[in-house]
Amino acid sequence: MDYMEGGKLFRRSSNWKMNKGKIFKLAKGFRGRAKNCIRIARERVEKALQYSYRDRHNKKRDMRSLWIERINSGTRLHGVNYGKFMHGLMKENIQLNRKVLSELSMHEPYSFKALVDVSRTSFPGNRPVKKEGLAAIL
Amino acid sequence: MATAVASPTFLSSAFAPRHHRRLTRLAGPRRAAPVGLAVRCEKSDKQKRQPLSALVPREQRFMFEGDELCGPDIWNTTWYPKAADHVTTEKTWYVVDATDKILGRLASTIAVHIRGKNEPTYTPSVDMGAFVIVVNAEKVAVSGKKRSQKLYRRHSGRPGGMKEETFDQLQKRIPERIVEHAVRGMLPKGRLGRRLFTHLKVYKGAEHPHEAQKPVPLPIRDKRIQKTG
């Protein structure tokens, strides 16, 4: 039940252990001896798998914080900050999520301005719009 | 790309060159598309997507099916800037006069603009910011007794090699370094941060050699940045 893949011999057994072939397959692109020598590659591959587990969970957090940063800078161009903007949207029961809001702020400036206006009427309390913000948009 | 995917098995033969054989992947689960189904990109909300003809050469278009024919998805994937989105020659240039401006407040505004955090296309891993020119750097102001008490330290690496000088000594010696030091502390540290720092241009007098870039005045929102009295 052995087979060749990628130049390495894979043993197919009932419990598929992390044998050398599998390790080197995962160690492609590593720096220095970590892609060639089994002792070093094994450590680095274990670490890489740990990092990938951790980062699958972190990626969701990082993306959300990126969306929030983008929405923040988009709304500040209109004189509203992120917190007040979201509060206004929640009050109006607009359930757009942050991913979509960040895409709107980048690609659909007029629609986004409409949303900012909705939020501003629902929750006033932001400083009045300065000319620079408007002139930058329109 | 106006042909609807009405055929349940293969793409329109206009896409694939006739002499190529169909790949086995097309023999997968057949989509039972009703006759009147139009490709979704014909509706208005997807018109922003670039048509596939602009991006993919003719020979490879057979690899795309269904929704992918309209082009890359821009609504369900977070936008990441491509090389054409941050071309250095098309960036904005700002100019700011540092006369009697509070050092830290000025540096903070400059750093925000250099990093690109004022724009909704901000991406932390990519240089999406603008260039900033500072003129009259020797006239920058600080409050309180900082002029005689704020210390700038550097170390040569050897034992006993620390050198200190006060704000006004440094201002007499190399005035540009004051603004540069302040802004560099506010930019991210790392490879990208060092590249961003090169987008800051500080000059001693009122002249700067960047007239060809047509710099615009830097928009400053901070009310307390101008030193009064």
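Mentor: Let us begin with Lys22(A), which in this predicted model sits in helix α1 of chain A, a helix that covers residues 20–26.

Trainee: Moving on to the two chains, how should I read the area buried between chain A and chain B?

Mentor: The size of an interface is often expressed as the accessible area that is lost when the parts come together. Here the area buried between chain A and chain B is about 1700 Å², and carbon and sulfur atoms give 53% of it. In terms of residues, 20 of chain A are in contact with 19 of chain B.

Trainee: Which side chains meet in a salt bridge across this interface?

Mentor: The rule finds one salt bridge between chain A and chain B, and it joins the side chains of Glu69(A) and Lys117(B), with an N to O distance of 3.6 Å. Eight residue pairs are also found in polar contact across the interface, both partners having pLDDT 80 or more. On the side of chain A that touches chain B, α2 (38–76) and α4 (98–107) each supply at least two residues, and α2(A) gives the most, with eight. By class, that side of chain A has nine charged, six nonpolar and five polar residues.

Trainee: What is the strand order of the open sheet in chain B, and how do its strands pair?

Mentor: Strands of a sheet pair through backbone hydrogen bonds, in either a parallel or an antiparallel sense. In chain B, four strands form an open sheet in the order β5-β2-β1-β6, with parallel pairing. Its edge strands, each pairing on one side only, are β5 (200–202) and β6 (216–217). Strand β1(B), residues 93–97, pairs with β6(B) over two bridges, and Val95(B) stands opposite Pro217(B) of β6(B).

Trainee: How many helices and strands does chain B have in total?

Mentor: Chain B has six helices and six strands, following the pattern α-β-α-β-α-β-β-α-α-α-β-β along the sequence. Of its 229 residues, 36% are buried. Among contacts in chain B with a separation of 6 or more, 68% come from residues 24 or more positions apart.

Technical notes
Residues numbered from 1 in each chain as written. Chains lettered and ligands numbered in written order. Predicted model: local features only at pLDDT ≥ 70, side-chain atom pairs only at ≥ 80, totals over all residues. Heavy atoms only, no water. Contact = heavy atoms within 4.5 Å. Buried area = accessible area lost by both parts, 1.4 Å probe. Salt bridge = Lys/Arg side-chain N within 4 Å of Asp/Glu carboxyl O. Polar contact = N/O pair within 3.5 Å; in protein donor to acceptor, adjacent residues only side chain to side chain. Nonpolar A, V, L, I, M, F, W, Y, C, P; charged D, E, K, R; others polar. Pairing = 2+ DSSP bridges. Buried < 20%, exposed > 50% of the residue type's maximum accessible area, 1.4 Å probe, protein only.
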